[in-house]
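This briefing covers selected residues and the nonpolar core of one protein model. Please keep the sequence and the structure in view while reading.

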Amino acid sequence: MTSAAEKAPPEARNLSEQAHDRIRRDILRGELFPGVKLHIEGISERYGIGIAPVREALNRLSSEGLVERKSQRGFFVAGISMAGLEELVKTRIWLETLALRESIAQGDVAWEENLVLAYHRLARTNRRMPDASGRDLAEEWEHLHKAFHMLLLERCGSSWLLGFCSTMMDQAVRYRSLSMKVHPNVQRREGAAAEHAAILAAAIDRKTDLACELLTEHYRATLEALRGVVGGDETAPTAGTGREAG
């Protein structure tokens, strides 16, 4: 079956992709808060992209779980909750430890070298981040952070599993970005850097059980750091924001 995006002219597809990427980026980095209504006309004006591509982008983001489409009410940024974060972390641990075991078993010297390089780039960026880093540097860190974690799993042998893990990593970015807006935690970032180093060493040394244990502890530590920042209901963290966007 051909999707609406595939049927659209190339120019429209390009604009739809632009709208998708820009809205998605602003949701993930906490610029668009959970529960905020996304007026199509306002979003179109915000990004300077036509209404049709914006609608297509919002429908696509709805299928990705970042936007909710409510009958007769329109589009809203998907809500978050502590219960949702706990479920996300639990599922990440299930799937990523499975992928990590397979990846370590199948990883070769090239995998090790790429992993070391990814860690080096992440650690260097972490050292450059001041207490209140600028948006560009924070986005660079998030990009390198995901690259490191995905490389850990890269050799698992399942594109399906990698796809699920990638999607969950993006959802985790959203929680982290929102929490940093209202409760920056520099100590947690520095602790995570040491955890990354330990996971890297265990993976390269082929200490599979230890690597999986460290990865599990890494995610649980992040979960605990966010407890109390993320609300119990499906809302955003406490911050002075409006309820509509666009």
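The model is predicted: local features need pLDDT of at least 70, side-chain atom pairs count only at pLDDT 80 or more, and totals for chains, interfaces and linings use all residues. Residues are numbered from 1 along each chain as its sequence is written, and side-chain values use heavy atoms, with hydrogens and water left out.

**Nonpolar core**
- The largest nonpolar core contains 62 residues, and Ile23 and Leu85 have the most contacts inside it.
- Helix α8 (residues 159–182) supplies the largest share of this core, nine residues.
- A nonpolar core is a set of buried Ala, Val, Leu, Ile, Met, Phe, Trp, Tyr and Cys residues joined through side-chain atoms within 4.5 Å.
- Beyond its neighbours within four places in sequence, Leu85 is in contact (heavy atoms within 4.5 Å) with Tyr175, Leu223, Leu226 and Val230.

**Ser44**
- Ser44 lies in helix α3 (residues 40–47); helices are DSSP runs of H or I with at least four residues, strands are E runs of at least two, and both are numbered from the N terminus.
- Ser44 has a relative accessible area of 11% and is therefore buried; buried means under 20%, exposed over 50%, and partly exposed in between (1.4 Å probe, protein chains only).
- Apart from neighbours within four places in sequence, Ser44 is in contact with Ile49, Gly50, Ile51 and Val54.

**Lys37**
- Lys37 belongs to strand β1 (residues 37–38).
- With a relative accessible area of 23%, Lys37 is partly exposed.
- The side chain of Lys37 reaches the backbone oxygen of Arg73 at 3.1 Å.
- Lys37 and Arg69 are 32 residues apart along the chain, and 9.8 Å separates their C-alpha atoms.

Notes. Polar contact = N/O pair within 3.5 Å; in protein donor to acceptor, adjacent residues only side chain to side chain.
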